[in-house]
Amino acid sequence: MASSMRSLFSDHGRYVESFRRFLNNSTEHQCMQEFMDKKLPGIIARIGDTKREIKILSIGGGAGEIDLQILSKVQAQYPGVHINNEVVEPSGEQIAKYKELVAKTSNLENIKFAWHKETSSEYQNRMMEEKELQKWDFIHMIQMLYYVKDIPATLKFFHSLLGANAKILITLVSGASGWDQLWKKYGSRLPRDDLCQYVTSSHLTQMLDNLGLKYECYDLLSTMDISDCFIDGNENGDLLWDFLTETCNFNTIAPPDLKAEILKDLQEPEFSVKKEGKVLFNNTLSFIVVEA
């Protein structure tokens with residue numbers, strides 16, 4: 001799924017469940033939908049000008065829900081134009097779900113799909129070995145840069161694949177979100193694996209500036225209802241704790257003083273807002289559009 005889980009638990013089943021609870025308790029998907037409906041049509045307005053085929057590259061396409069939304073907007077902009085949509089996704093499970101979704105979705109006749117079961121860096125290495133690099137009209141990286149070891153090198157490489165009028169769309173949590181505060185304050189004290197890094201749009205725009213790349217950044221407010229995290233023994237709360245801290249069974253294994261400290265902070269205005277008796281964690285998303 002495109003709004004990727006930001007870490008890999010040793011217990012994969014629990015990890016998937018904690019991510020599902022995050023989606024159920026947050027406005028992440030609604031926020032993505034709002035961006036696709038209101039902003040994306042303007043962003044893709046010229047990517048296919050004078051082209052007989054539009055080439056789209058999805059990096060970390062997950063199970064395809066967001067990808068198909070993007071494709072429907074491109075189809076609306078360029079009716080009848082053939083679209084070549086290639087997906088780079090390391091999880092075979094996610095690719096299987098993506099293929100199932102494509103099989104049961106109508107109006108995809110003019111789209112050719114190809115899936116590559118690999119990470120973005122594996123794809124990059126494979127492409128570098130080929131003599132001629134393929135150019136793309138639109139590349140998107142939705143909630144996946146957390147898993148990339150060398151982000152500037154990755155940005156530079158994919159930017160080099162852009163054709164005329166082409167763009168890259170990147171989605172990450174915002175530097176103005178509660179995640180930024182949480183990671184800055186507690187990142188060093190939370191157990192995590194090396195596969196995931198704490199990166200927000202603030203870090204990303206700094207990297208893009210250093211690379212001299214031209215971009216626009218849009219922030220859209222999103223929240224996650226974490227009220228259940230304040231109820232001892234609540235199953236939903238326990239799973240949301242796991243997601244917030246990227247730690248499997250956080251409530252069971254965390255030192256009590258660390259949990260108490262985070263619990264207190266989560267109620268502070270830089271992390272969350274209180275509304276109608278609920279505690280809503282700031283899950284604001286940034287959508288960064290990089291120009292060719």
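Is N236 buried or exposed? N236 is buried, with a relative accessible area of 13%; buried means under 20% relative accessible area, exposed over 50% and partly exposed in between, for a 1.4 Å probe and protein chains only. The legends below describe a predicted model, in which local features need pLDDT of at least 70 and side-chain atom pairs count only at pLDDT 80 or more, while totals for chains, interfaces and linings use all residues. Residues are numbered from 1 along each chain as its sequence is written, and side-chain values use heavy atoms, with hydrogens and water left out.

**View 1. N236 and its contacts.** N236 is part of helix α10 (residues 235–245). Helices (H or I, at least four residues) and strands (E, at least two) are DSSP runs, numbered from the N terminus. Leaving aside residues up to four places away in sequence, N236 touches R21, N25 and D228. Contact means heavy atoms within 4.5 Å.

View 2. Strands of a sheet pair through backbone hydrogen bonds, either parallel or antiparallel. Here two strands count as paired if DSSP finds at least two bridges between them. Strand β1 (residues 53–59) pairs with β2 in the parallel sense over 7 bridges, and L57 stands opposite E86 in β2. Strand β2 (residues 82–88) also runs parallel to strand β3 (residues 111–116), joined to it by 6 bridges. In this pairing, I83 has I111 of β3 as its bridge partner. Strand β2 is mostly covered, with 6 of its 7 residues buried.

View 3. A right-handed β-α-β unit is made by β1, helix α4 (residues 65–77) and β2. From β2 the chain crosses through helix α5 (residues 92–103) to β3, and this β-α-β crossover is right-handed. A crossover is called right-handed if, with the strands pointing away from the viewer, the path from the first strand over the helix to the second runs clockwise.

**View 4. The open sheet of β7, β9 and β8.** This sheet has 3 strands in the order β7-β9-β8, with antiparallel pairing. Strands β7 (223–225) and β8 (272–275) stand at the edges and have a single partner strand each, so one side of each is left without a neighbour in the sheet. From one strand to the next, the twist averages 30 degrees; axes are lines fitted to C-alpha atoms, for helices over the stretch in contact, and angles run from 0 to 180 degrees between N-to-C directions. Strand β8 and strand β9 (residues 278–282) are joined over 4 bridges in the antiparallel sense. V273 has L280 in β9 as its bridge partner.

**View 5. The largest nonpolar core.** A nonpolar core is a set of buried Ala, Val, Leu, Ile, Met, Phe, Trp, Tyr and Cys residues joined through side-chain atoms within 4.5 Å. The largest one has 87 residues, of which L145, F158 and I170 touch the most other members. Strand β5 (residues 162–173) gives the most to this core, with 7 residues. F158 lies in helix α7 (residues 151–159) and is buried, with a relative accessible area of 0%. Beyond four places in sequence, the contacts of F158 include L57, Y123 and I168. Those of L145, counted likewise, include I151, I170 and V199.

**View 6. Cysteine C31.** C31 is buried, with a relative accessible area of 2%. The closest cysteine sulfur to that of C31 is in C217, 12 Å away and too far for a bond. A disulfide is a pair of cysteine sulfur atoms within 2.5 Å, and a search of the whole structure finds 0 disulfides.
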